[in-house]
Amino acid sequence: MRDGETVTGDGDDAIPGFVLTRGSDRYGRCVALAGRGDPPAASGEATYVDVELLTHTANHHLIATGLAYPTFYLKLWPDLRGELAARSLAARPASGVWAEDRTLTGVTVTGLDGLSDDAVILPKLFRRLADYLALNGGDPSLAGLPAYLAQRDDRVLILSTGHYTGFDFVVAVDGQSVRLTRPHEDLVFQEA
């Protein structure tokens with residue numbers, strides 16, 4: 001039951017659950033882990049999230065079953081990131097999103113409609129492509145994508161090299177094809 005973006009009520013859910021968060025993103029959206037069952041602490045009390053607690057969240061379950069892409073940010077502790085990356089790798093190559101994933105092999109972009117209908121790629125890359133195509137007035141040319149990504153200045157740490165750079169550094173454009181040059185578990189994004 002929502003009125004715009006404000007929660008105005010909730011149902012009487014018989015299944016207990018909890019939300020663990022340390023904050024929100026720049027758009028005010030809660031960045032959280034959602035769990036089923038009794039909460040690990042009283043509401044509002046600080047709780048240390050270790051790998052054991054992480055394994056009891058929907059976030060962990062969705063990644064372990066291949067139903068969600070993990071996108072890592074600097075504020076996520078390395079042990080939790082490592083667990084999620086390991087579960088994501090174990091879900092490949094044929095589970096959930098990975099069965100159709102084209103993030104590393106490349107997706108041919110013919111326009112915004114085709115991108116929405118045919119491209120199974122890391123959501124961060126999808127959002128940047130969608131924003132670029134919308135700004136490009138419907139022209140599907142990717143000629144300006146590298147410059148667009150560079151000016152957005154999404155910062156990313158490449159774990160395997162220690163290189164801290166822009167997202168444009170790990171996106172390759174070849175004609176109408178676009179792909180990441182590094183696997184998602186090797187990338188840790190700076191919060192905006």
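P93 sits in the loop between α3 (78–91) and β6 (107–108); helices (H or I, at least four residues) and strands (E, at least two) are DSSP runs, numbered from the N terminus. The model is a predicted one, in which local features need pLDDT of at least 70 and side-chain atom pairs count only at pLDDT 80 or more, while totals for chains, interfaces and linings use all residues. Residues are numbered from 1 along each chain as its sequence is written, and side-chain values use heavy atoms, with hydrogens and water left out.

The peptide bond that joins R92 and P93 is cis, with omega at about 5°. D153 is not a glycine, yet its phi is positive, at about 55°. For context, most residues other than glycine have a negative phi, and most peptide bonds are trans.

Helix α5 (residues 123–135) packs with helix α6 (residues 145–152) at an angle of about 110°, their axes lying 11 Å apart. Axes are lines fitted to C-alpha atoms, for helices over the stretch in contact, and angles run from 0 to 180 degrees between N-to-C directions. The two helices are therefore roughly perpendicular to each other (65 to 115 degrees). In the contact (heavy atoms within 4.5 Å), R128, L129, D131, Y132 and L135 of α5 meet L145, Y148, L149 and R152 of α6. These contact residues comprise six nonpolar, no polar and three charged, where Ala, Val, Leu, Ile, Met, Phe, Trp, Tyr, Cys and Pro count as nonpolar, Asp, Glu, Lys and Arg as charged, and the others, Gly among them, as polar.

How values were computed
Parallel < 35°, antiparallel > 145°, perpendicular 65-115°, else oblique.
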